[in-house]
Amino acid sequence: MDFMELANQRQATRAFTEQMVSHEMLMECVRAAQLAPSACNSQPWKFVVVETPELVKQVADAIIDNPAGINKNVENAPVLVAVVEEQATLIPQARGLYESNHFAQFDLGSATQYFCLRAAELGLGTCILGAFNEEKVKQLLQIPAERRVFVMLAVGHPSGKIRPKIRKHIEEIHSFDQYHA
């Protein structure tokens, strides 16, 4: 599949069929995430893939239990994934120079997108979820207290059609050589 076709196909999927996702397809998504770039090749991520139906339901309840009251659509997702921030190990020279930058967030975003793009290529739908009860998720998945769950992903076979993308006009999002409002 051509990259632009893939970029157009990938969307936030909020409705899934009841069809289970094969373990092999999930591993393909994890393998893609493994290839994402990271600062000093630190690879500060771990993907906790939840595919056991009873645990999926419990984790879905923890996602729905969020202050914003959103993400109720995860109830029909057959797979949920916790993207966990691991301790980044920057080389000492970089750590001293860039202590105020939190490279792991960029790295985790890249790895998450690689996961989602591979899922789209395989015909799977994903939804990146930022609102959830992190403490409940960590407890259910036995994630250490000092770790952070960066985002959650809902994964499954989409039940709807691909929606046309609505984006800002190209002139609004770029300039060359200097910033233009």
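Colleague: How are α3 and α6 set, roughly parallel or roughly antiparallel?
Modeller: α3 and α6 are roughly antiparallel to each other (over 145 degrees; under 35 is roughly parallel, 65 to 115 roughly perpendicular, the rest oblique). This is a predicted model, where local features need pLDDT of at least 70 and side-chain atom pairs 80 or more, while totals for chains, interfaces and linings use all residues. Residues are numbered from 1 along each chain, and side-chain values use heavy atoms, without hydrogens or water.

Colleague: What's the angle, and how far apart are the axes?
Modeller: About 160°, with the axes of α3 (residues 53-64) and α6 (residues 134-141) 8 Å apart. Axes are fitted to C-alpha atoms over the stretch in contact, and angles run from 0 to 180 degrees between N-to-C directions. Helices are DSSP runs of H or I, at least four residues.

Colleague: Which residues make the contact?
Modeller: Leu55, Gln58, Val59 and Ala62 of α3, with Lys136, Val137, Leu140 and Leu141 of α6 (heavy atoms within 4.5 Å). By class, six are nonpolar, one is polar and one is charged.

Colleague: Switching to α2 and α5. What's the angle there?
Modeller: Roughly 140°, and the axes of α2 (residues 23-34) and α5 (residues 103-121) come within 7 Å. That makes α2 oblique to α5.

Colleague: Which residues of α2 and α5 meet?
Modeller: Leu26, Glu28, Cys29, Val30, Ala32 and Ala33 of α2 meet Ala111, Tyr114, Phe115, Arg118 and Ala119 of α5. Nine of these residues are nonpolar, none polar and two charged.

Note on methods. Helix = DSSP H or I, 4+ residues; strand = E, 2+ residues; numbered from the N terminus. Nonpolar A, V, L, I, M, F, W, Y, C, P; charged D, E, K, R; others polar.
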